[in-house]
Amino acid sequence: MKSFGGKVMFLDRANINTDEIIPARYLTEISKEALRPHMLEDLQLDGFDPKAPNNQDAKVIVTRANFGCGSSREHAPWVFEMNNINVVIASSFARIFRQNMFNCGMLAIELPEADIEKLFRYKNIGARIDIDFDKNSLTISSGKESDAFSYRISGFDRALVEAGGWVEFADAKY
Amino acid sequence: MAMTLAEKIFKSHLRDEPFPGTKALAIDVVLCHEITTPIAINDLAARGKDRVFDPEKIKAVIDHVTPAKDSKTAQQGKILRDWAKRQNIRDFFDIGRNGVCHAIFPEKGFIRPGYTVIMGDSHTCTHGAFGAFAAGVGTTDLEVGILKGVCAFREPKTIRINISGAMPEGVYAKDVILKIIKELTVNGATDCVMEFHGSVVKGMSMESRMTLCNMAIEAGGTSGVCMPDEVTVDYLWPFISSDYKDKKAGLEDFKKWWSDEGCEYVKVIEINVSGMEPQVTYGYKPDEVKNISEIEGAPVDQVYIGSCTNGRLEDLRAAAQYLKGRQIAPGVRGIVSPATPKIFREADEEGLIKIFMDAGFCVTNPTCGACLGMSNGVLAPGEVCASTTNRNFNGRMGKGGMVHLMSPAVAAVTALEGKIADPRKFRREGI
Ligand code: SF4
């Protein structure tokens, strides 16, 4: 199983699409490793720079509705994985992106809008998120402040994370 | 119990329900192209599982960048080509025979009512036009599909969209789907199948239905579907004539997939097309749609007619009737890409290619090319393209470029004017 939790990168916009996560011009790469430097390169978001120091070493992304819409490219989860980001938390996901995350053994966590709002209060103060996968709960913290949330994932998605991905799961089963 | 088309397909293809709410389906056709498949092929090989579940049920094409533009794309093509050969995949379409995946696979008769179809491509929803459950997936799902012929889904809910009224002149399937996306918004159909009904859909050709279903994903939809009817039977007849005594028997068989009276819809939407204007997108999301009268006159640098949305013969005809005997505006670059070799040949035989060339269009080979900004018409920063494709995301056709989505008719008259124009103001020529 992958490790989950750590420093947070906030992407404060809805409908971030997979072209913005990893542009089509890099789809000619046939190794995941080659994607690494191009994460979020075309993202249209005021003041956001994926290469800025406060976005370095992030392990968790917190964002808004319909994250990962557009192209089915699994290069989107892969570019996160290559940058050690194994968790995305949003108020909703596009279907294919969400499935791709779990298929890679990564976590796509949906929280209600109100909880996402609470997470965004930590946006400018440097936060980390710790995840208790067994208890379906997560805690965001910064200095002395912290907030805890519980989330739900399906039995299938949990099994994929535990198996390390869908290829392993399907191969053992079908 | 009354069931929707999607529920019937799920029931008939169910292999297993590994967890409540998750259904592993047997897959009838796994479609592949050279962008998302090579990594799956390499990964399978690395795991010592370089196998396919059934070479007859796998279809592959090189379409996104063809002919190869550099050594990386050449390598992607080679991986797919070598694999197809190694695995005895007979339905593999390489250069000279290749076309845009969602145009060429239906054209070959590979998609049938009641089928389950997956592909590592979000616009796989197009194939729902035949009454199939067709869904885009990522590379891992594709990999499992190739290896096991299985894919897992949450059972989708269905949104019913009734399209009624009389299609006004200058208004096409593209305008209708843009209007629907505007109404649903970009995630209004997430985890849902969009079922298209009504007199307008019944009157549409398979090409138009494919245009409609192609953009279901732009509202977040898993698949777009139309009930398979006489039009579907006619289209598929060359491929199914030995399976049925006559077309009537074919239709009777197809009807078993129709959504039942009284089945459950999460939402029902009514769209009346009477009096509707042509529709054009303006922002960077496909639900940012305006009536043409609100955006007419906006300048463009390039006009692109092609793609899995609108690169079929009827699309080329729709554009050519406005272009015949006219010239595109100076300073505008016109590019047309017939979606398959068959379409190209027929367009040539009908004289459409000549009309495009006389008007000043560049005619490219069948390929995705400019649609995703990889070749054959990439935009420079700051440039604007009027396009018959399906995505207007920021940078989609080239970093810093902007895209307005529209029908082939609007694209054609926009090329004539050099700015977004209304086809209803132009005389159509017989072609
Ligand atoms: S034409 Fe465009 S949208 Fe269609 S499959 Fe090709 S790249 Fe994708």
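**A walk from one aspartate to the A–B interface**

Let's start with A:Asp42: setting aside neighbours within four places in sequence, this residue is in contact with A:Asp19, A:Glu20, A:Pro23 and A:Arg25, and also with B:Asn394 and B:Lys399 from the other chain. Keep in mind that you're looking at a predicted model. On chain A, A:Asp42 sits in the loop between helix H1 (18-21) and strand S2 (60-63). A:Asp42 counts as buried because its relative accessibility is 9%, and the cut-off for buried is under 20%.

Now zoom out to where the chains meet. Here 51 residues of chain B are in contact with 43 residues of chain A. How much area is buried between chain B and chain A? About 4,100 Å², with carbon and sulfur atoms giving 56% of that. On the chain B side, B:Phe19, B:Ile39 and B:Thr140 lose the most area to chain A, together 14% of what that side buries.

Charges turn up here too: 9 salt bridges are found across the interface of chain B and chain A. For an example, find B:Lys72 and A:Glu29, whose side chains meet in a salt bridge at 2.6 Å, N to O. Which element gives the most to the side of chain B that touches chain A? That's H5(B), with 7 residues. Sorted by class, this side of chain B has 21 nonpolar, 15 polar and 15 charged residues.

Finally, look inside. The largest nonpolar core has 66 residues, and A:Phe80, A:Ile89 and A:Leu107 touch the most other members. A second, separate core of 64 residues includes B:Leu31, B:Ile159, B:Cys192 and B:Trp237.

Conventions: Residues are numbered from 1 along each chain as its sequence is written. Chains are lettered from A and ligands numbered from 1 in the order in which they are written. This is a predicted model: local features need pLDDT of at least 70, side-chain atom pairs count only at pLDDT 80 or more; totals for chains, interfaces and linings use all residues. Side-chain values use heavy atoms; hydrogens and water are left out. Helices (H or I, at least four residues) and strands (E, at least two) are DSSP runs, numbered from the N terminus. Buried means under 20% relative accessible area, exposed over 50%, partly exposed in between (1.4 Å probe, protein chains only). Contact means heavy atoms within 4.5 Å. A nonpolar core is a set of buried Ala, Val, Leu, Ile, Met, Phe, Trp, Tyr and Cys residues joined through side-chain atoms within 4.5 Å. Buried area is the accessible area (1.4 Å probe) that two parts lose on being put together, summed over both. A salt bridge is a side-chain nitrogen of Lys or Arg within 4 Å of a carboxyl oxygen of Asp or Glu. Ala, Val, Leu, Ile, Met, Phe, Trp, Tyr, Cys and Pro count as nonpolar, Asp, Glu, Lys and Arg as charged, and the others, Gly among them, as polar.
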